[in-house]
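Subject: Structure for your review

Dear colleague,

Please find below the structure I am handing over to you. My notes on it follow directly after.

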Amino acid sequence: MGVAAALANRYGLIPPNHRGIFDPSETLTYAAQRVLIPRHSLAREFNRSEISKFAPVVGEPPKDETYQRLLADGFAEWRLTVDGLVARPSSFSLEELKRFPSRSQINNHVCEQGWSFIAEWIGVPVSHILNVVGVLPGARYVIAFPYNNGDPPQSWWESIDMVDAWHPQTLLTYGMNGPELPIWHGAPVRLKMPRQLGYKSVKYLHRIAVTETVKNIGKGVGGANVEDG
Ligand SMILES: Nc1nc2c(c(=O)[nH]1)N[C@H]1C(S)=C(S)[C@@H](COP(=O)(O)O)O[C@H]1N2
Ligand SMILES: [Mo]
C-alpha cells in the first residue's frame, strides 16, 4: 500500500481526496497505467476483416420495469440524463445523440476474466457531451449509471476519471458491428473505452454524472466492481 500510494503521489496520478477509493492493488495498477501510458495515447484500432465472429456477453439485460417498457417501444422514450458538476444539466434522446458528431472505432474489448473480442463501435465521444453540457471547475470523475438488474436490484455503476472522459476513444456507443447496439451488448447506449478493461464499459446507461468525488456513491470506492472485490 505504501509503495502504491507513494507512486501515485509522486506522479500526481490519484487525486488528493482519493484516500481509499481503490484497494492497494487497484491503486498500483492505476498508478502504473498512468505512468506507462501517456494520457492521450490511443488504444490500437483494427481492420474490419479482424472483427471477431463471436462476441461473449457479461451480465443480462436489466429486468427493471422502466427498462422493459422503454425496450418495448424501441427506446423512443429513452433519455440519457447528464447532471452533476455541469453548467447545463441535460437529457438527450437516442435521436439527439445520433445527431451529434459520431466516431467509429474497431478495437479489442478485454475482460478482466481473460477473454477479448474485436468489434466495431459507433457513437458520440463523451468529450462532445461534456462540451455541450459544460464541465464546471472541480470536476474529477464521470460516473456511469445503468438500469438495474435482478431482485434485489444489483446496482452496477462505474467511475472514470477526466483523463479517460475527455479521451477521443471514450464513446457513448449506440452501434456495434452495425448501426444498432444489440440488447445483450447494452442497448440503447453503453460506454466504450478501449483503454480500460471491459467492466468500465457500462451497458444499459440511463444517467451520467460529473462529480468531484466518488465517496458518497455506493460504498464510496469508485465502482460496483471494486465494492464486490
Ligand atoms: N450494466 C452492465 N454493464 C456491464 C456489465 C454488466 O454486467 N452490466 N458487465 C461488464 C463487463 S465485466 C464486461 S467485460 C463488459 C462486457 O460487454 P459485452 O457483454 O458487450 O461483451 O460489459 C461491462 N458492462
Ligand atoms: Mo469484464
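The remarks below begin with conventions, then turn to the whole protein, the ligand and selected residues.

This is a predicted model, in which local features need pLDDT of at least 70 and side-chain atom pairs count only at pLDDT 80 or more, while totals for chains, interfaces and linings use all residues. Residues are numbered from 1 along each chain as its sequence is written, chains are lettered from A and ligands numbered from 1 in the order in which they are written, and side-chain values use heavy atoms, with hydrogens and water left out.

Overall architecture

The protein has seven helices and nine strands; helices (H or I, at least four residues) and strands (E, at least two) are DSSP runs, numbered from the N terminus. Of its 229 residues, 49% are buried, where buried means under 20% relative accessible area, exposed over 50%, and partly exposed in between (1.4 Å probe, protein chains only). Accessible areas come from the Shrake-Rupley method with a 1.4 Å probe, and for residues only the protein chains shown count as cover. Among contacts between residues at least 6 apart in sequence, 67% join residues at least 24 apart; a contact means heavy atoms within 4.5 Å.

Ligand 1

A polar side-chain atom of Lys203 is 2.5 Å from an oxygen atom of the ligand, and an N or O atom in the side chain of Arg190 is 2.7 Å from an oxygen atom of the ligand. At Ser201, a polar backbone atom lies 3.0 Å from a nitrogen atom of the ligand. On its own, ligand 1 has 530 Å² of accessible area, and the protein covers 96% of it.

Strand β6

Glu158 belongs to strand β6 (residues 158-161). Why does Glu158 count as buried? Its relative accessible area is 1%. Leaving out residues up to four places away in sequence, Glu158 touches a set of residues including Val142, Tyr199, Lys200 and Asn225. The C-alpha atoms of Glu158 and Asn225 are 7.7 Å apart, although 67 residues separate the two along the chain. The side chains of Glu158 and Lys200 make a polar contact at 3.2 Å; such a contact is a pair of N or O atoms within 3.5 Å, and within protein one must be able to donate a hydrogen and the other to accept it, with residues adjacent in sequence counting only if both atoms are side-chain atoms.

Asp161 is also found in strand β6, and Asp161 counts as buried because its relative accessibility is 11%. The side chain of Asp161 reaches two backbone nitrogens, that of Val163 at 3.2 Å and that of Asp164 at 2.9 Å.

Backbone features

A cis peptide bond joins Ala187 and Pro188, with omega about 5°. Pro188 lies in the loop between β7 (171-176) and β8 (190-192), and Asn177 is placed in the loop between β7 and β8 as well. Asn177, a residue other than glycine, has a positive phi near 50° and is partly exposed at 38% relative accessible area. Tyr204, in the loop between β8 and β9 (205-211), has a positive phi near 55°; Tyr204 counts as buried, at 4% relative accessibility.

At the start of helix α3 (residues 65-72), a side-chain oxygen of Asp64 comes within 2.8 Å of the backbone nitrogen of Thr66. Just after α3, Gly74 adopts a positive phi of about 65°.

Strand β2

Ser93 lies in strand β2 (residues 90-93) and is buried, at 12% relative accessibility. Beyond its neighbours within four places in sequence, Ser93 is in contact with Trp78 and Arg79.

With kind regards
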